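The following note sets out points for a colleague who is examining this model. Please read the points alongside the sequence and the coordinates.

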Amino acid sequence: MAKYVDGFVVPVPKANVEAYRKMAEEMGKVWREYGALEYIECVADDVQPGKLTSFPQAVHLKEDETVVFSYIVYESREHRDRVNEQVMKDPRVANHKPEDTPFDGKRMFWGGFSVLVAL
């Protein structure tokens, strides 16, 4: 059973979804090469603004954008740390410039989570 997950939420301009998908496929290959168990990128299909909080509100979603929710699965926190250390040194990631990304990274949020329930 996987015991650790990194989760990400990012606003992506609708016109850039295909470019984002290509970038995610490239990045996913890197994470998997270094040992990530799963690399999943999901585009919003049924995500509504809430009264207090929501995915759109969390990223200050603009009208021409959609939300992408992503997660990477690892064996443990230690495994995640080892994988990410290698990934960040890989030239395919290290040489990736923020201005080349098809989204606004300033409105991206992420975090690491220990699995509480897995059925």
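**Note on the predicted model**

1. At 76% relative accessibility, Ala15 counts as exposed; the classes used here are buried for under 20% relative accessible area, exposed for over 50%, and partly exposed in between, with a 1.4 Å probe and protein chains only. Ala15 is found in the loop between β1 and α1, where helices (H or I, at least four residues) and strands (E, at least two) are DSSP runs numbered from the N terminus. From Ala15 to Gly111 the C-alpha to C-alpha distance is 27 Å, and the two residues are 96 apart in sequence.

2. On provenance, this is a predicted model, in which local features need pLDDT of at least 70 and side-chain atom pairs count only at pLDDT 80 or more, while totals for chains, interfaces and linings use all residues. Residues are numbered from 1 along each chain as its sequence is written, and side-chain values use heavy atoms, with hydrogens and water left out.

3. The largest pocket holds about 640 Å³ of space. A pocket is defined on a 1 Å grid over the protein atoms alone, as an open set of points where a 1.4 Å probe fits, with protein on both sides within 12 Å along at least five of seven lines; lining residues have an atom within 4 Å of a point. Grid points are joined across faces, edges and corners, and the volume is the space filled by probe spheres set on the points.

4. The lining of this largest pocket comprises 25 residues, and Phe8, Trp31, Met88, Phe103 and Met108 lie nearest its centre. At least two lining residues come from each of β1 (4–13), α1 (17–33), β2 (38–43), β3 (65–74) and α3 (77–89). The largest share, four residues, is supplied by α1. By class, 14 lining residues are nonpolar, five polar and six charged; Ala, Val, Leu, Ile, Met, Phe, Trp, Tyr, Cys and Pro count as nonpolar, Asp, Glu, Lys and Arg as charged, and the others, Gly among them, as polar.

5. Which residues of the largest nonpolar core touch the most other members? They are Tyr20, Trp31 and Tyr74, in a core of 18 residues. The elements β1, α1, β3 and α3 give two or more residues to this core, and α1 gives the most, with six. A nonpolar core is a set of buried Ala, Val, Leu, Ile, Met, Phe, Trp, Tyr and Cys residues joined through side-chain atoms within 4.5 Å.

6. Leaving out residues up to four places away in sequence, Tyr20 touches Val10, Val12, Glu41, Val68, Ser70, Pro102 and Phe103; contact means heavy atoms within 4.5 Å.

7. Asn84, in helix α3, counts as buried because its relative accessibility is 16%. Its side chain and that of Asp6 are joined by a polar contact of 3.3 Å. Such a contact is a pair of N or O atoms within 3.5 Å; within protein, one must be able to donate a hydrogen and the other to accept it, and residues adjacent in sequence count only if both atoms are side-chain atoms. Beyond four places in sequence, Asn84 touches Asp6, Trp31 and Tyr74.

8. Ser54 occupies the loop between β2 and α2 (55–58) and is likewise buried, at 13% relative accessibility. A polar atom of the Ser54 side chain lies 3.3 Å from the backbone nitrogen of Gly50. Not counting residues up to four places away in sequence, Ser54 touches Gln48 and Pro49.

9. Apart from residues up to four places away in sequence, Val59 touches Val9, Val10, Pro11, Val67, Arg107 and Phe109. Val59 and Met108 are 49 residues apart in sequence and 6.6 Å apart in space, C-alpha to C-alpha.

10. His60 also lies in the loop between α2 and β3, but is exposed, with a relative accessible area of 59%. The phi angle of His60 is near 50 degrees, a positive value in a residue other than glycine.

11. Phe113 belongs to strand β4 (residues 109–114). Setting aside neighbours within four places in sequence, Phe113 is in contact with Lys3, Tyr4, Val5 and Gly7.
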